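I opened this model to look up how its parts pack together. My notes follow in the order in which I checked things.

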Amino acid sequence: MDFSTERLQYRGKTAIGRPTFSRPIKLALRDRIITSEKTVLDYGCGRGGDVSLLNSIGIDSVGWDPNHFADGIRLASDVVNLGYVINVIEDPAERVSVLKYAYSLANECLIVSAQTEATKPSKGVPYNDGILTTRKTFQKYFANEALRSLIESSTGARAFLVERGIFFVFKSEEARVRYALARLSRKSQFPSVRKLKSLKSSNDSSRDDVLISLAVERFRRSDILSSSRVSLLGCEEYFGSFENACNAADELLASLTNRAARMESMKGAPCGKMLPDSFYFHCSALRSMDIKIQTLVSCARTIADNIDGDFIVKIPKTGTGVSLLIYRDFENVPHPELMVSLLVDLEQRTLRTRSYSNSKNPPILHRKECFVLPDHPKYQAFRELTEVEEGLGLLSRSDIGFRKSWAAILKQISFDPNKFVSKKTINPDSYPHI
Ligand SMILES: C[S@@+](CC[C@H](N)C(=O)[O-])C[C@H]1O[C@@H](n2cnc3c(N)ncnc32)[C@H](O)[C@@H]1O
């Protein structure tokens, strides 16, 4: 195969039909980057699914694609979407020129998305800095930070990580800060800036919230919270001055990798499972953990693509790491299987993702009540199942940690834990803290 002469045609094969909006467009609609007042250009629009869907809801959109819509219009627009295009381009120099050109067409915001290492398949022949897939298409799988630096060096603008592999690049600094602040107050597990401002009493928990927010911002080395803006957060009220608040936040950050401080926080935790080398708890209990654990997890989340939803936190007793473990339907499956582990090194600021979704024998969970607070809606149900399993002598065995051996044991004694599980499902999005 002569990949270089036929590359465009092969790239075209990467475009899929889209019956619903792509994730980057969904996020832009959710965050009101795209509204009915804005115009949109989908640059590298593939089969044009997003363009049709946007027009169908009254948003003035056009698309262009070298393979599928070569006659389309490359019209400068308020928002330009460059959706999963640069990852199909095998030539690094061309990625830069496409990014530059797409950015030049955006009046307000360029949305850039690309495949990330988390979705990299195990198969594929190495080609340049990516792989040739079994369909003979090229794919480059980016680490978030590599993608960010490619976008920033090509456009000369700062890129805002919205979700793994998805960045918004604003034309004006003011728009970027406005967006970042809005997200900070909306997405944060802590009270919004407005809510904090309106707090009259300087009780400990709101002081902690201010400190955690500031520590996370300093960990991100974000300049969003300049001293004038941060007065909104109540730093003067709780700490006397912005400088004092920054010092307290830096001390808090320094304590996160201190073994003795970590141990103290874990020992005082209101729930969680302490194993010989690590401490585990469910994210629904995060707000009840001490300030160090809350900060540790919040900092880790900024590196782990602001992971949302349902996860178990694993804090090793030593080191600078913390893992966020995503299990299959923690609430509703009696012994959920591990799907993805996100290992964040806070010192190195690195993220290592390990997917178990194709594993035939993933690790599984037992004794789920240990991970949650007693006021968790399913605490009692989790406990009852554990008591039954203890009564059957299952939980004292050493071979129950993985799917295959656990299934074999259950089969042997004809026991079905599903019979003990209530069918009522819980939506993890409803957790108040995430
Ligand atoms: C994976 S598809 C994504 C399509 C669409 N954005 C979506 O999300 O459904 C990648 C698209 O990039 C287009 N493409 C390849 N090289 C390009 C280039 N230099 N400029 C613009 N688009 C390109 C391909 O034709 C292909 O349709």
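I began with strand 11 (278–282) and strand 12 (312–316), which pair in the antiparallel sense over 5 bridges. Strands here are DSSP runs of E with at least two residues, helices are runs of H or I with at least four residues, and both are numbered from the N terminus. I count two strands as paired if DSSP finds at least two bridges between them.

The model is predicted, so I noted the limits: local features need pLDDT of at least 70, side-chain atom pairs count only at pLDDT 80 or more, and totals for chains, interfaces and linings use all residues. Residues are numbered from 1 along each chain as its sequence is written.

I looked up which residues face each other. Phe 281 stands opposite Val 313 in strand 12, and Val 313 stands opposite Leu 324 in strand 13. Strand 12 and strand 13 pair over 3 bridges, again in the antiparallel sense. They form a hairpin with 4 residues between them, and Gly 319 in the turn has a positive phi of about 95 degrees.

**The cores**

Where do Val 313 and Leu 324 belong in the packing? I found both among the residues with the most contacts inside the largest nonpolar core, which has 45 residues. A nonpolar core is a set of buried Ala, Val, Leu, Ile, Met, Phe, Trp, Tyr and Cys residues joined through C-beta atoms within 7 Å. A residue is buried if 20 or more other C-beta atoms lie within 10 Å of its own, exposed if 12 or fewer, and partly exposed in between, with C-beta atoms placed from the backbone.

Among the elements that each supply at least two residues of this core are helix 8 (204–219), helix 13 (291–303) and strand 13 (321–327). The largest share, 7 residues, comes from helix 8. Domain 2 (187–255) and domain 3 (256–434) both give residues to this core, so it lies between them. The domain bounds come from an automatic or database domain assignment.

I then checked Ala 215. Leaving aside neighbours within four places in sequence, Ala 215 is in contact (C-beta atoms, placed from the backbone, within 7 Å) with Ala 249, Leu 252, Leu 253 and Thr 295. A second, separate core of 42 residues includes Val 62, Ile 89, Ala 106 and Leu 147.

**Helix 12**

Which residues of helix 12 (residues 259–267) are buried? I listed Arg 262, Ser 265 and Met 266. They cover an arc of only 100 degrees around the axis, which puts them on the same side of helix 12. The arc is that of the directions from the helix axis to the C-beta atoms. On the other side, Ala 260 and Lys 267 are exposed. The buried residues of helix 12 pack against strand 10 (273–274), strand 11, helix 13 and strand 12.

**Helix 14**

I checked the length of helix 14 (residues 379–391): at 1.5 Å a residue, its 13 residues should span 18 Å, and the end C-alpha atoms are 18 Å apart, which agrees. The expected span is 1.5 Å times one less than the number of residues. Its buried residues are Phe 382, Leu 385 and Glu 389. They cover an arc of only 65 degrees, which puts them on the same side of helix 14. The face turned away from that side carries the exposed residues Gln 380 and Gly 391. Just after helix 14, Gly 393 takes a positive phi of about 75 degrees.

How values were computed: Two residues are in contact if their C-beta atoms, placed from the backbone, lie within 7 Å.
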